[in-house]
Amino acid sequence: MARNAEEHVVGGRIRLPNPIVQRPLQQVLKRLLMALGVLALTVLIVMLDRAGYHDNADEEVDFLDAIYYATVTLSTTGYGDIVPHSDSARLVNVLLVTPLRVLFLIILVGTTLEVLTERTREEWRLKRWRTTLRDHTVIIGFGTKGRSAVQTLCATGLKKDQIVIVDPSSKVIEAANADGFTGVVGDATRSDVLLRAELQRARQIVIATQRDDTAVLVALTARQLNRGAKIVAAVREEENAPLLRQSGADAVITSASAAGRLLGLSVLSPSAGAVMEDLIQQGSGLDLVERPVIKAEVGKNVRETDDLVISVLRGHRLLGYDDPAASPLQLTDRVITIVRASSAPPRLSTPPE
């Protein structure tokens, strides 16, 4: 079933993570109390110097008259029926009542000023965000697969400000903002939405949509906008994986088949299944790490390295640890190793250009 229509936005709206602010009702109550405080202070000032005021009605200023005078004065109505006539009362009006009148007006129009200020601040943040964002990671789809991908990337050291979430649901993007991620609300099959996510300058793109046909369209659009980015996509059905590769994806993960294989392995060998699950969960227990060969390892056999090397990436060839061509190691090689999470590097190294 498709999500509700009101949750989908086609145009692509950028939402940056915001700091925690007070609730609107709390802000209104706070300003109301401030306004009442200014009013009460003005009434007190008038009552203390009521002898210096003249009332055209009965020539005396009592408590009710003080409230009336403070109200019409702070609201700049000024009927003129109660006026200060002594020098001291006029001086108090100049030095105290007039600043209180200005403060009262500022409190009343505070909401409008705050909206204008917030809009200006948001435009400045968006401009700065577009200017500084480079070589980031775009996650398309923030469902179960997308969240897991983000958790793994963050566990390897990728900062939250280097991740942009794209999803058609505004509620999902709000959840991403709450977690500290920048989000773009919109249909990722549209190029204008991906451009708002600055996909043309991204280094990595993860496609984790709910439908395989949507993943294909997103991969086509993403590859057209960014020829050099690494695109990793997930599909439900294995038969759609070749089509997704043809659409521009560098790596395709079949989610249903992978889960099924892990289930079968866990049935046949629960311990082996536990090890595989441990390897999948980045940041705990054992981790799979891709790194370049260091100078001390050049010329050595794969089995002579300190880490447990399971594969060697030489150019575009992926060689197993038992492949005779894998040894000796070369300086331009990259190795895939199994290490303890505590000894893993802070983040996965990026593949060579």
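How many residues does helix 2 have, and what does it reach from its first C-alpha to its last?

## Helix 2

In this predicted model, helix 2 covers residues 63-74, which gives 12 residues, and it reaches 16 Å from its first C-alpha to its last, close to the 16 Å expected at 1.5 Å a residue. At the start of the helix, a side-chain oxygen of Asp62 comes to within 3.4 Å of the backbone nitrogen of Leu64, and just after the helix Thr76 takes a positive phi of about 60°. The buried residues of helix 2 include Asp65, Ala66, Tyr69, Ala70 and Val72.

## Salt bridges

The whole structure contains 11 salt bridges. One of them joins the side chains of Arg147 and Asp179, at 3.7 Å from N to O; because Arg147 lies in helix 5 and Asp179 in the loop between helix 6 and strand 6, the pair ties together parts that are 32 residues apart in sequence. Arg147 is partly exposed, at 32% relative accessibility, and Asp179 is likewise partly exposed, at 33%.

## Arg291 and Thr337

Glu297 forms a salt bridge with Arg291, with the closest N and O atoms 2.8 Å apart, and both residues are buried. Arg291 is also among the residues that Thr337 touches, as are Asp287, Leu288, Val289, Asp307, Leu308 and Val309. Thr337 itself sits in strand 13, residues 334-340, and is buried, with a relative accessible area of 0%.

Note on methods. Residues numbered from 1 in each chain as written. Predicted model: local features only at pLDDT ≥ 70, side-chain atom pairs only at ≥ 80, totals over all residues. Heavy atoms only, no water. Helix = DSSP H or I, 4+ residues; strand = E, 2+ residues; numbered from the N terminus. Buried < 20%, exposed > 50% of the residue type's maximum accessible area, 1.4 Å probe, protein only. Contact = heavy atoms within 4.5 Å. Expected span 1.5 Å × (residues − 1). Polar contact = N/O pair within 3.5 Å; in protein donor to acceptor, adjacent residues only side chain to side chain. Salt bridge = Lys/Arg side-chain N within 4 Å of Asp/Glu carboxyl O. Lists of a residue's contacts leave out its neighbours within four places in sequence.
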